[in-house]
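Please load the model in a viewer and keep the selection tool at hand.

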Amino acid sequence: KVEELVTQILTNYHYRRVPLNDSLSSKILDNYIKELDGNKMNFTKQDIQDFEQFRYSLDDQLQKGDLTAAYQIYNVYRKRAKERFTFVNQLLTKPMNFNVDEIYTPDREKAEWASNKQGLDEIWRKAIKSTLLDWKISGKADTSAIKDLKERYSRSEKYFDKTKSEDVFQQYMNSFTESIDPHTNYMIPKAAAQFNQEMAQSFEGIGATLRLDGDYVTIIELITGGPAYRSKAL
């Protein structure tokens, strides 16, 4: 019902009046795949080919309140992501060979999709090795680096497992709204409540804006007039 309503509002009342047709459907599909796997480290080339069946039907599904494509694509992504977590755990039980010349490009936005699971394994092996090498150069002990990396991916997997159906729905609807206008977003109720709170500056707690930066929560700024700001202790 929400999908149908959002579709009606955007197609009838958005200032851009972008027609909901096959052309927009194609753009939505590309946006959704990029939203889920922008660095091309989870989907395979075959997965992407399988998703082509939805390229020109998302416009019809949106109008009907049909979420088949949205969740079918996400479920493949979820399966692939879980496979990656398993692979990383296995990889970190084996020693890394730093005596061979290899090339790794972190930004894979313009790279080709991996042909198969083995191709993904190779991409992830180099990504993990690159991280360990950075830490090694900075002076971190190998055992400590392995331990920290295992903990990082364990936390990531726990966070990933907390994804709910409504979170997936928000991602999909944003792929739709941003295809019309990059400044238009759909928010699920909890996200909307947080947004409204921030806009109203009705913060609770110490009065600081926080952000998850890697493995740590970082204080980005103090809220003017808040407890932390007034205390001058931070």
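Predicted model: local features only at pLDDT ≥ 70, side-chain atom pairs only at ≥ 80, totals over all residues.

**First stop: K45**

Select K45, which touches W113, A114 and S115 when residues up to four places away in sequence are not counted; contact means heavy atoms within 4.5 Å. K45 has its place in helix α3, where helices (H or I, at least four residues) and strands (E, at least two) are DSSP runs, numbered from the N terminus. With a relative accessible area of 34%, K45 is partly exposed. On this scale, buried means under 20% relative accessible area, exposed over 50%, and partly exposed in between (1.4 Å probe, protein chains only).

Residues are numbered from 1 along each chain as its sequence is written, and side-chain values use heavy atoms, with hydrogens and water left out.

**The whole chain**

Now display the entire protein as a cartoon. It contains 10 helices and 2 strands, and from the N terminus on the elements run α-α-α-α-α-α-α-α-α-β-β-α. The C-alpha trace spans about 60 × 55 × 25 Å along its principal axes. Of the 234 residues, 35% are buried. Among contacts between residues at least 6 apart in sequence, 68% join residues at least 24 apart. Switch to a surface view: the accessible surface comes to about 14,600 Å², and carbon and sulfur atoms account for 51% of it. Such areas come from the Shrake-Rupley method with a 1.4 Å probe; for residues, only the protein chains shown count as cover.

**The aromatic cluster**

Select F43, F51, Y74, Y77, F85, W113 and F160, which form one aromatic cluster. The structure as a whole holds 9 aromatic pairs. Rings of Phe, Tyr and Trp (its six-membered ring) pair if their centres lie within 6.5 Å; planes under 30 degrees apart count as stacked, over 60 as edge-to-face and the rest as tilted.

F43 lies in the loop between α2 (22-37) and α3 (45-51) and Y77 in helix α5 (residues 68-91), so the pair ties together parts that are 34 residues apart in sequence. F43 is buried, at a relative accessible area of 0%, and Y77 counts as buried at 14%.

Next, select F85 and F160. Their ring centres are 5.9 Å apart and their planes stand at 55°, so this pair is tilted. It links distant parts of the chain, F85 in helix α5 and F160 in helix α7 (residues 142-161), 75 residues apart. Both F85 and F160 are buried.

Move to D121 in helix α6 (residues 117-137). Is D121 buried or exposed? Its relative accessible area is 15%, so D121 is buried. Leaving aside neighbours within four places in sequence, D121 is in contact with R84 and F87.

**Charges over rings**

Select W135 and K140. The charged end of K140 sits over the ring of W135, 4.2 Å from its centre. A charge is counted in this way if NZ of Lys or CZ of Arg is within 6 Å of the ring centre and within 35 degrees of the ring normal. Then select Y229 and K232: K232 lies over the face of Y229, at 6.0 Å from the ring centre.

**Last stop: a nonpolar surface patch**

Finally, colour I206, L210, L212, V217, I219 and L234. These residues form a nonpolar patch on the surface, with about 620 Å² of accessible area together.

L210 lies in strand β1 and counts as exposed at 52% relative accessibility. L234 belongs to the segment after α10 (227-231) and is exposed, with a relative accessible area of 63%. Which residues does L234 contact, leaving aside its neighbours within four places in sequence? They are I206, I219, L222 and A228. The C-alpha atoms of L234 and L222 are separated by 8.4 Å, with the residues 12 apart along the chain.

How values were computed:
Patch = residues over 30% accessible without salt bridge, like charges linked within 9 Å, V, L, I, M, F, W, Y side chains within 5 Å. Salt bridge = Lys/Arg side-chain N within 4 Å of Asp/Glu carboxyl O.
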